[in-house]
Amino acid sequence: MAGLQAQVDRVPALSVLARGGAAGADAGWSNLVRTWAMRGTLHLVPETEIAHYAAALGDSIAARETRLWPRRGVEASAEDRLNDAMIQALRAGPLGRRELAGQVGALLGAPYRTLLEHPWGIGLKPAVARGLLRLRGSGTEITLSLPPTPPAPVEVAAAQRWLAGKYLTANVFGTPAAFAAWSGLPAAAARRALAAADEGPVTIEGTAYAHAGPLDAGIEDDHLTLLPEFDPYLLAVADKDGFCGDDRTLLYRKGGWVSATVLRAGMPIGTWKLRDRRSGRIEFAPMTGWSAALRRRVEQQAGRFTDFLTTERT
């Protein structure tokens, strides 16, 4: 996978569990950093890769977010000024979002305080995405700090080529449009990066795809998998109509929500939702009729998540 979507706190661990990994305290989670990455959304990425994500995506995320600043009374060109003020405030140690906003506002003016308090994080995203700040927590419990060391310089084109390689390694095939949608990069940058990472184009039903990795790695016809909402596999789907058919709105809902999904041989056959945390009861919404045997198999797969879902975590 190329990063773990972390908009919803439980999703990263469930994505790892779905692939046979571990979600306990000893599973290496301390080596992951929370940052705004692909599409400007929260992800967990390895500490050792943060400089590459920052170089590949920092400019595009900053451009998208700073365009919103004038509505809050701060010029889009004030990014460096704001970043410098936040770094200065954090030299004494980590601060909560409101504490940081208060100190920066006292230094630069009330509009900067309002910008940093914005619930979408539009004032924080550029600095975090560039690797200048570290982000911990979620929702209203966000804490900002300085990284242990400044991000290592990585050439932008090289970083974007690296990101395209991660995308192809995870998904085998891709088109420039699909990679641009997945990464959030401008179309031209996505096209160049994907071409640089391509191991040789493959044509499927008249469409040319870039690819990386073995072409003979398939999924067993009857393999069942439960994926959480916002799983990387679901987010990488470009042809959503071909993937879901008439049930597209069941998986890809209004407001950008991506439902937790049941897959059979890599294709969706229904969705699932945790209905009772205490008992671990999961409710299923089949896209087509499920036989009793298939339902039992799906419920057995869901049992792999039960311990995690019913355990209070801090």
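1. Helix 2 is mostly covered, with 13 of its 17 residues buried (under 20% relative accessible area with a 1.4 Å probe, protein chains only). The model is predicted, so local features need pLDDT of at least 70 and side-chain atom pairs pLDDT 80 or more, while totals for chains, interfaces and linings use all residues. Residues are numbered from 1 along each chain as its sequence is written, and side-chain values use heavy atoms, without hydrogens or water.

2. Helix 2 spans residues 50–66 and bends by about 50 degrees at leucine 57. The bend is the angle between axes fitted to the seven residues ending at a residue and the seven starting there. Helices (H or I, at least four residues) and strands (E, at least two) are DSSP runs numbered from the N terminus.

3. Helix 2 packs against helix 7 (residues 156–171) at about 105 degrees, with the axes 8 Å apart. The pair is therefore roughly perpendicular (65 to 115 degrees). Contacts (heavy atoms within 4.5 Å) involve, among others, Leu57 of helix 2 and Trp162 of helix 7. The contact residues divide into 8 nonpolar, 2 polar and 2 charged.

4. Strand 11 (residues 261–264) pairs with strand 12 (residues 267–276) in the antiparallel sense over 4 bridges; pairing requires at least two bridges found by DSSP. Leucine 263 has proline 268 as its bridge partner. The hairpin has 2 residues between the strands, and alanine 265 takes a positive phi near 55 degrees.

5. Strand 12 also runs antiparallel to strand 13 (residues 281–286), joined by 6 bridges. Aspartate 276 is bridged to arginine 281. In this hairpin, with 4 residues between the strands, glycine 280 has a positive phi near 80 degrees.

Terms used: Buried < 20%, exposed > 50% of the residue type's maximum accessible area, 1.4 Å probe, protein only. Axes fitted to C-alpha atoms, helices over the stretch in contact; angles between N-to-C directions. Parallel < 35°, antiparallel > 145°, perpendicular 65-115°, else oblique. Nonpolar A, V, L, I, M, F, W, Y, C, P; charged D, E, K, R; others polar.
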